[in-house]
Protein chains: 2
Amino acid sequence: MNKIYASIITIGDELLIGQVIDTNSAYIAQELNKIGILIKQRVAIADNEKNIKTALDEAFKTSNIILMTGGLGPTNDDITKQALCNYFGGKMIMHTPTLQQVTYLFEHVFKKPMIERNVQQAEVPDNCIVLKNEKGTAPALMFEKDNKICIAMPGVPYEMKWIVQHHIISIIQEKLITGFVEHRTLLTAGIGESFLAELIKEWENNLPSDIQLAYLPKYGMVRLRLSSYGFDKTQLQQNISTEFEKLKALVKEYLVTDKDLPLELVVSNLLRENNKTLATAESCTGGSIASAITANAGASDIFSGGIVSYSNYAKNKILHVPEEALNTKGAVSKETVEYMAKNCLALLHTDYAIAVSGIMGPTGATHDKPLGLVWIAVANKEKVIAKQYQFKYDRERNIQHTVITALNMLRKCIIADYQ
Amino acid sequence: MNKIYASIITIGDELLIGQVIDTNSAYIAQELNKIGILIKQRVAIADNEKNIKTALDEAFKTSNIILMTGGLGPTNDDITKQALCNYFGGKMIMHTPTLQQVTYLFEHVFKKPMIERNVQQAEVPDNCIVLKNEKGTAPALMFEKDNKICIAMPGVPYEMKWIVQHHIISIIQEKLITGFVEHRTLLTAGIGESFLAELIKEWENNLPSDIQLAYLPKYGMVRLRLSSYGFDKTQLQQNISTEFEKLKALVKEYLVTDKDLPLELVVSNLLRENNKTLATAESCTGGSIASAITANAGASDIFSGGIVSYSNYAKNKILHVPEEALNTKGAVSKETVEYMAKNCLALLHTDYAIAVSGIMGPTGATHDKPLGLVWIAVANKEKVIAKQYQFKYDRERNIQHTVITALNMLRKCIIADYQ
């Protein structure tokens, strides 16, 4: 039994001039990994028939499965369908079920008359299997050659995701028997990549050769991921769990979670488990903490609301930070964030409140308050804790570091209170 | 004079299992495009010497410049440096200026003792030119072969960006004489991709063959981009401007901006030009509108603050939405968003306020209020306008569509008031 390899080909000029960031590849890679498929490579190429042909030739050399996205839309720069038809030696025909789907969408969802180029979306090469796209007008197209599979999907992310979930996974599982990939991931905060590596050096050097370790640093946090591939699922899980437990013990002091979860979900889950609620008072992060918390479904269980007190007027008027504190200590000060946190807690009657105020750059620094200076406070009914941080990055990264540091302060506070 | 082509190779297992989204490639592509370099392809591969060699062989066939990111860090999974040393036939030596930079960072910035693996970061192949990385410990490495250039950079985005800005662009401009690429981009809202294509069909069919058009749809908006490549910059700009003006006239009704700007910046600029201020009252978007506005430097000129009134308690307590309206009409209703917008405007004394309330899913729908139902209101001192929308996507997309629709409503309102 051989390992199954996949290549991902994303098509579109917009990917090559950098106007669009490719999130499709990451999604496809994640989903294939879950069922034991290893990704050989990801390639992004232009809407150009010659490049598509070259990329397919290369991908067929190394991979059993080729997944493509993009270039199936109704406009003139969409040439993938015709290029594949030529590559696999077919001719275009009208596909009645697709025409019905397109017609249905125009009549009942878009509520607009169809035009000629919409009808053309129902034309497909006669040598492929058409996979229905319930989320859009362009279906996915599956070609087979030398026991290998090539599937082209539209590039619109939610259409692509639907097709992966409803067609691709089961097709691969049916057509290609695969092994298993196990990943175990933990998240650390408060320790840099090289110090983490030093801390776990001895364990890492003695890792069995079939288990790989990856360091995934992001905004002051490092995720560590163990991966292993094999055909005996039980044995695989046992081996990787043994090493994962050793790793957890080594990084205990810095461990945020031993699951592959983002920090905001770890914090939301902690609040939910302890039946506690949160409110936010944000200045420099401009709503990003509230936005991160509410990105997850069911946030209303644990999140009451927030104040984005960007101006001093808002800090004083809504959060009742005394004018005196703002004038003498300033908006970025221990006193101000403590008032923000305490008063936000009282205003929204929650169990916890986080408050942040800082100078994100590129402007706003003063003689005694440098760029990247941030005050963060966490309050509950008994106390308020405030800490000062100094970040050294650009605006976007300073904002992200502040969000993560604030959520991690809250996480530690809840754990200290309830565990 | 020939066209100059580049390939981008990103290295890291994390890109192939989809745990990290590749934003570096998009950034590099944008910056190279600005100086007239065309991207041949982008490839993501694993931390594996054989794959690096294959990708380099392929890239050297088609490209004059190869830019690589990733795998230069201090941990054991970082193998790019050694792989390049082997590929170009060198040996590793200690690089004194890099050692000084690493030592400086540990002494003055990280304020931690150096460990052996940090010292190793100062080792480089003896057959490359070392490009200083002021933002981190791993320098970039430049190799030359057959009049072609290969540069490896660290994968940490802000380090990579600094190296591109401070080294790569000038190296390319000095070493390889290039032509020019001109892009002109406009943003439309309120019309789907295929209808837009129909609207401009005749013009598109008559476009000169050296000007390319791309459709870039995202969250209910479509960007249209014209591109052209050549060596006579004045002529190029003239040709593309002529076509761009025709295009603008055709899409006038749907035009948001004729610059390559995101909607939130268009709205911020409009407010700034008219010396007006904004406040936000967000329920279902959880702070995402405020966060989008404040992501841009200088937001404090135009943004006073916002309320994330996620719970009914917050809507009533802070924004004074009457309990009766919440009980009889509901949180997602015309009445509620009108109160939210008007009272937010009054609370923060701004010129405009936006309010949103909706059901983002996957739960929360009722018999008469389906998933994706959203009410949006825009208020100024004279009036409040409320509109109902029905989105049909998942939670993340519904939130993004709501943010964009609200900002576009505000944009139209400001234009109607002041232009």
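A: A residue is termed buried if 20 or more other C-beta atoms, placed from the backbone, lie within 10 Å of its own, exposed if 12 or fewer do, and partly exposed in between. The model is predicted, so local features need pLDDT of at least 70 and side-chain atom pairs pLDDT 80 or more, whereas totals for chains, interfaces and linings use all residues. Residues are numbered from 1 along each chain as its sequence is written, and chains are lettered from A, with ligands numbered from 1, in the order written.

The setting comes first. Chain A spans about 75 × 60 × 40 Å along the principal axes of its C-alpha trace. Of its 419 residues, 49% count as buried. Chain A contains 16 helices and 17 strands (DSSP runs numbered from the N terminus: H or I of at least four residues, and E of at least two). Among contacts in chain A with a separation of 6 or more, 66% link residues 24 or more positions apart; a contact requires C-beta atoms, placed from the backbone, within 7 Å.

(The superposition is by least squares on C-alpha atoms of residues with pLDDT of at least 70 in both copies.) Between the chains, 72 residues of chain A touch 73 residues of chain B. The copies meet through the same surface, because 100% of the interface residues of chain A are also interface residues in chain B.

The strands can now be followed across that interface. Strands pair if DSSP finds at least two bridges between them. An open sheet of 12 strands, with mixed pairing, runs in the order β6(A)-β7(A)-β8(A)-β3(A)-β1(A)-β2(A)-β2(B)-β1(B)-β3(B)-β8(B)-β7(B)-β6(B). Within chain A, β2(A) pairs with β1 (residues 5–11) in the parallel sense over 7 bridges, and A:Y5 stands opposite A:L38.

Helices cover strands of chain B. Helix α4 (residues 80–87) of chain B lies across β1 (5–11), β3 (65–69), β7 (140–145) and β8 (148–153) of that chain. Helix α7 (residues 157–175) of chain B lies across β3, β6, β7 and β8 of chain B.

Chain B also holds an open sheet of 4 strands, ordered β10-β11-β9-β12, with antiparallel pairing. Because β10 (211–218) and β12 of chain B are its edges, each with a single partner strand, one side of each has no neighbour in the sheet. β10(B) and β11 (residues 221–230) of chain B are linked in the antiparallel sense by 8 bridges, and B:K218 has B:M221 in β11(B) as its bridge partner.

Finally, B:E253 sits in the loop between α10 (233–250) and β12 (255–257) of chain B. B:E253 is exposed, because it has 9 C-beta neighbours inside 10 Å. Its C-alpha atom is 31 Å from that of B:F180, which is 73 residues away along the chain.

Notes:
Contact = placed C-beta atoms within 7 Å. Axes fitted to C-alpha atoms, helices over the stretch in contact; angles between N-to-C directions.
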